[in-house]
Amino acid sequence: MVAALTLDGISKRYGGFQAVSDLSFQVEKGSICGFLGPNGAGKTSTLRMILGLQPATSGRIDILGADDGRKVRDRIGFLPEERGLYKKMTPVDAIAFFGALKGLPLPEGRRRGREMLEQMGLGEASKKKMKELSKGMAQKVQLIASVVHQPEFVILDEPFSGLDPMNQQGLEAMIRALAADGATVLFSTHVMQHAERLCDKVVLLARGRKAFEGTVDQARATSPRFLELEGALDRNAVAALPGVSAIETLAEDGAVSTLRVGLTPGAEAQSALRAAFLGGLDVRRFQMKEPTLHDAFIALTGDHPDEDQSVGKTDTMEAAR
Ligand SMILES: Nc1ncnc2c1ncn2[C@@H]1O[C@H](COP(=O)(O)OP(=O)(O)OP(=O)(O)O)[C@@H](O)[C@H]1O
C-alpha cells in the first residue's frame with residue numbers, strides 16, 4: 001500500500017488537558033477513510049494538526065511526503081467544520097476565489113466552478129447569491145470550493161452535519177466521485193451510517209485515543225451478533241442458551257416479551273435458536289441481527305458515538321493561549 005497520510009504517535013495537549021493521545025494510523029492513497037468519534041473525541045484537533053494549522057505536542061505526521069501540511073497546502077482541499085462563504089458572492093465567484101487561494105487562475109476557477117455546479121445538479125444555483133441558497137446547496141458549493149483546485153488529498157470535517165437525508169446522499173455521491181477521480185479522502189463524522197456506506201477504512205476515536213483501525217467489516221466483526229426473540233420467554237432459560245452473553249428487554253406485553261439477546265463473538269445464532277426450540281421455549285418470532293458500525297463503536301469503546309466528550313473547553317481555552 002502507498003500511504004498518502006501517516007500519523008505516528010500524535011498527541012495534543014491544551015494546557016493541562018490531553019485532547020489526543022499517541023494516535024497512529026495510515027490512509028492509503030486513493031481511498032476513503034472515515035475518522036469517527038463523538039463530539040469532543042479529538043477529531044478536529046487531529047485534522048488541524050494534519051493540515052499544519054496547529055502543532056502536535058508530540059509525534060510525527062507525513063502527508064503527501066511532507067512533514068507539515070502547510071508545505072503541501074496547494075495539494076490539499078479542506079472543508080472546515082465552521083462554514084460560511086461570502087454571502088454576497090455568487091457561487092461561481094466564491095468557488096473561483098477559493099481556488100485562487102490555492103493558486104488556480106480566476107477564469108479557470110470560474111470555468112471549473114460552473115462545470116462542477118452543473119455536474120452536481122446545482123446549475124440553477126449559479127445564478128443566485130450565496131445568501132439565497134438553501135443550507136444543503138450552500139454546503140455543496142462550499143465542498144466544491146474546497147476541491148476546485150483538484151487536490152490530491154481532501155479533508156472534510158463533519159461534512160454531513162446539518163444536512164437533510166437527500167442532501168446527505170448528494171454529498172456521499174460527491175465524496176465517491178472525488179475518490180473515483182483518484183483523490184484520497186479523509187472525513188470526520190460522529191454519524192456511523194455515512195462511514196458504513198462510504199469508507200474503505202475507518203479509524204475510531206474515543207477520548208483522544210484510537211479504539212480501532214480497519215475496514216467496516218472488520219469493525220463489525222468485533223461486535224457480538226444479536227438475536228431478537230419474542231414470546232412468553234423465561235429469561236433464565238434464554239440466558240442458558242449456547243453463546244448468549246447478554247439479554248435486554250425491548251418490550252413487554254403481559255407474559256409476552258421481546259428480548260434483544262447478545263451473542264458472544266463467533267457464536268452462531270442458529271445454535272442458540274436450535275437449542276431454544278429443542279428446549280421447548282415459547283419462541284413466537286425471531287430475527288437475527290448483524291451488528292452495525294454503531295454497535296461496533298459501542299462494543300469497542302464502551303462509549304456512545306452520540307455522546308458529547310468535550311470537557312472543560314472554556315477552562316482549557318485559557319490555558320492553551
Ligand atoms: N483550542 C482549544 N483549547 C482547549 N481545548 C480545546 C481546544 N480545542 C479543542 N479542545 C478540547 O479538546 C477536545 C477535543 O476537541 P475536538 O474539537 O478536537 O473534538 P472533535 O472530536 O472534533 O469534536 P467536535 O466535532 O465537537 O469538534 C474537547 O474536549 C475540546 O473541548
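# Briefing on helix packing, burial and backbone geometry

The crossing of α4 and α5 is right-handed. The model described here is a predicted one. Its secondary structure comprises 11 helices and 13 strands, and 41% of its 321 residues count as buried.

**Overall architecture**

- Taken along the principal axes, the C-alpha atoms of the protein fill a box of roughly 75 × 45 × 40 Å.
- The domain assignment divides the protein into domain 1 (3–218) and domain 2 (224–290).
- The C-alpha centres of domain 1 and domain 2 are 43 Å apart.
- Among contacts with a separation of 6 or more, 71% are made by residues 24 or more positions apart.

**Packing of α4 against α5**

- Two packed helices are described by the angle between their axes and the distance between the axes.
- For α4 and helix α5 (residues 165–180), the angle is about 15 degrees and the axes are 10 Å apart.
- Angles under 35 degrees count as roughly parallel, so α4 is roughly parallel to α5.
- On the α4 side, the contact involves Gly 136, Gln 139, Lys 140, Leu 143 and Val 147.
- On the α5 side, the residues they meet are Asn 167, Gly 170, Leu 171, Met 174 and Leu 178.
- By class, the residues of the contact of α4 with α5 are five nonpolar, four polar and one charged.

**Packing of α2 against α4**

- Helix α2 (residues 91–101) and α4 cross at roughly 30 degrees, and their axes come within 7 Å.
- This angle makes α2 roughly parallel to α4.
- The crossing of α2 and α4 is right-handed.
- Helix α2 contributes Pro 91, Ala 94, Ile 95 and Phe 98 to the contact, while α4 contributes Val 141, Ile 144, Ala 145 and Ser 146.
- The contact of α2 with α4 contains seven nonpolar residues, one polar residue and no charged residues.

- Ala 138 is placed in helix α4.
- A residue is buried if 20 or more other C-beta atoms lie within 10 Å of its own; Ala 138 has 20 and is therefore buried.
- Ala 138 and Asp 303 are separated by 165 residues in sequence and by 33 Å in space, C-alpha to C-alpha.
- Leu 79 belongs to strand β5 (residues 76–79).
- With 21 other C-beta atoms within 10 Å, Leu 79 is buried.
- Neighbours within four places in sequence aside, Leu 79 is in contact with Gln 142, Leu 143, Ser 146, Leu 156, Asp 157 and Pro 159.
- Leu 143 is also listed among the α4 residues that meet α5, and Ser 146 among the α4 residues in contact with α2.
- From Leu 79 to Met 1 there are 78 residues in sequence and 26 Å in space, C-alpha to C-alpha.

- Within helix α10 (residues 293–301), the residues Leu 293, Asp 295, Ala 296 and Phe 297 are buried.
- The elements that cover the buried residues of α10 include β3 (32–36), α6 (192–198), β8 and α7 (216–221).
- Gly 302 follows α10 and has a positive phi, near 75 degrees.

**Positive phi in residues other than glycine**

- Most residues other than glycine have a negative phi.
- Gln 150, a residue other than glycine, has a positive phi near 55 degrees.
- Gln 150 has 16 C-beta neighbours inside 10 Å and so counts as partly exposed.
- Arg 207 is likewise not a glycine, yet its phi is positive, at about 50 degrees.
- Arg 207 occupies the loop between β8 (201–206) and β9 (209–214).
- With 18 other C-beta atoms within 10 Å, Arg 207 is partly exposed.

Conventions: Residues are numbered from 1 along each chain as its sequence is written. This is a predicted model: local features need pLDDT of at least 70, side-chain atom pairs count only at pLDDT 80 or more; totals for chains, interfaces and linings use all residues. A residue is buried if 20 or more other C-beta atoms lie within 10 Å of its own, exposed if 12 or fewer, and partly exposed in between; C-beta atoms are placed from the backbone. Helices (H or I, at least four residues) and strands (E, at least two) are DSSP runs, numbered from the N terminus. Domain bounds come from an automatic or database domain assignment. Axes are lines fitted to C-alpha atoms, for helices over the stretch in contact, and angles run from 0 to 180 degrees between N-to-C directions. Angles under 35 degrees count as roughly parallel, over 145 as roughly antiparallel, 65 to 115 as roughly perpendicular and the rest as oblique. A crossing is left-handed if the near helix is turned anticlockwise from the far one by less than a right angle, and right-handed if clockwise. Two residues are in contact if their C-beta atoms, placed from the backbone, lie within 7 Å. Ala, Val, Leu, Ile, Met, Phe, Trp, Tyr, Cys and Pro count as nonpolar, Asp, Glu, Lys and Arg as charged, and the others, Gly among them, as polar.
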